[in-house]
Amino acid sequence: MRLRVLLLAMLLGLAPACANGGSAGGDTGGDDEGGIPPGDASADGVKSDAHPGDAKTDSPGSGTTAQKACGDNATAYCAQLKTCTNSWLVTLQYGDDSTCYTQNLVGCMDALAAPGTGWTGDGLEACIAARTALSCSDFLYGKPAPKACRVTGSITTSNVCRYGAQCGTGYCRALNGAACGNCVTPGLTGGPCTTSSDCDGNLMCAGNGTCQPPAGLNAACGATMPCQGGLVCIAGSCVAPGAVGATCAAANNGADCDYNQGAYCDTTGGLCASYVPAQAGSACSATAVCVGSATCFSGTCVAPVADQQACNPSQGQNCLPPDTCNAAETCSYVTALQCLGDGG
């Protein structure tokens, strides 16, 4: 299982976490908040670290405009992602720095305008500062998010939401990759979960489907003892996946190589090797990975479809995130207002 990035930065999280990963990335719970930590991060991918009692980050009427705050957020997030993954995740998810910026701007602007949101421009600026100060490990995998990024809103439990910051609990849970979800309270130790986003604080979702405290480096792990973000459970022990050049074993299904650094296990030599970036139109395989959000279909990378253009996932014609392919088979971004309309 390839390790996916949890990405605190998916707080407004347009980053689709990792497209080919394993545990943490999909824990975003549907938040597409353009690089803003989602109240938990996905990631899939890599998402709840919100605390129901946390106050809003800022008060109405703050001085920083949404446009400036979201622009600052996209710039800082893309730079930090590039630094912390040796450019691999920026290349994989976006293709280039400019696309990273524009993709993260879309969801952020909608998140700051969403009904009931606790976000303000000044509040987001405080979150950016806190996130930028994180180590790469905490940026990619840390849970919970910094206090400045744990924002709550005014939508009550069970009601429809698009972003965690709209909820009084700080967590919007969306099922099966849906854009719209419902405000729920993150689970405590022993509570049920399907992803680590469902769990409060630093708790992770264990293999038995319950929220549990994570085990650290070299600690024992198993079905009821999950490893903390960034570690993988191999032979009953939490270990850090290796970079290119580290040793690996076929029996571990690639888990001992760090996918978020662009590494896979070359079983012929028993060493972690670098994935080959494949552009749209190029051949793709298990080791030649489509970049720029392109889709590997019938052995060829298919370019992502732009906003308002026709899409057909069954033919590999997927939308450029954060857009999704709607019922009319057109790429569009699902807004917070649309979620509320669909939810009655």
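**View 1. Tyr259 and its aromatic partner Trp88 in the predicted model**. Tyr259 is buried, with a relative accessible area of 0%; buried means under 20% relative accessible area, exposed over 50%, and partly exposed in between (1.4 Å probe, protein chains only). Trp88 is likewise buried, at a relative accessible area of 8%. This is a predicted model, in which local features need pLDDT of at least 70 and side-chain atom pairs count only at pLDDT 80 or more, while totals for chains, interfaces and linings use all residues. Residues are numbered from 1 along each chain as its sequence is written, and side-chain values use heavy atoms, with hydrogens and water left out.

A pair of aromatic rings is described by the distance of the centres and the angle of the planes. Rings of Phe, Tyr and Trp (its six-membered ring) pair if their centres lie within 6.5 Å; planes under 30 degrees apart count as stacked, over 60 as edge-to-face and the rest as tilted. By this rule the model contains five aromatic pairs. Trp88 and Tyr259 form one that is edge-to-face, with 6.4 Å centre to centre and 85° between the planes. Trp88 belongs to helix α2 (residues 88–93) and Tyr259 to the loop between β7 (237–239) and β8 (263–266), so the pair ties together parts that are 171 residues apart in sequence. Helices (H or I, at least four residues) and strands (E, at least two) are DSSP runs, numbered from the N terminus.

**View 2. The aromatic pair Tyr264 and Tyr275**. The rings of Tyr264 and Tyr275 form a tilted pair, 5.0 Å centre to centre with 40° between the planes. Tyr264 lies in strand β8, and Tyr275 in the loop between β9 (271–274) and β10 (276–278), so this pair ties together parts that are 11 residues apart in sequence. Both tyrosines, Tyr264 and Tyr275, are buried. Together with Trp88 and Tyr259, Tyr264 and Tyr275 form one aromatic cluster.

**View 3. Helices α1 and α3 where their axes cross**. The axes of helix α1 (residues 66–84) and helix α3 (residues 97–113) come within 8 Å and cross at roughly 135°. Axes are lines fitted to C-alpha atoms, for helices over the stretch in contact, and angles run from 0 to 180 degrees between N-to-C directions. Helix α1 is therefore oblique to α3; angles under 35 degrees count as roughly parallel, over 145 as roughly antiparallel, 65 to 115 as roughly perpendicular and the rest as oblique. Contact means heavy atoms within 4.5 Å. Residues making the contact include Cys70, Ala74 and Tyr77 of α1 and Cys100, Tyr101 and Leu105 of α3.
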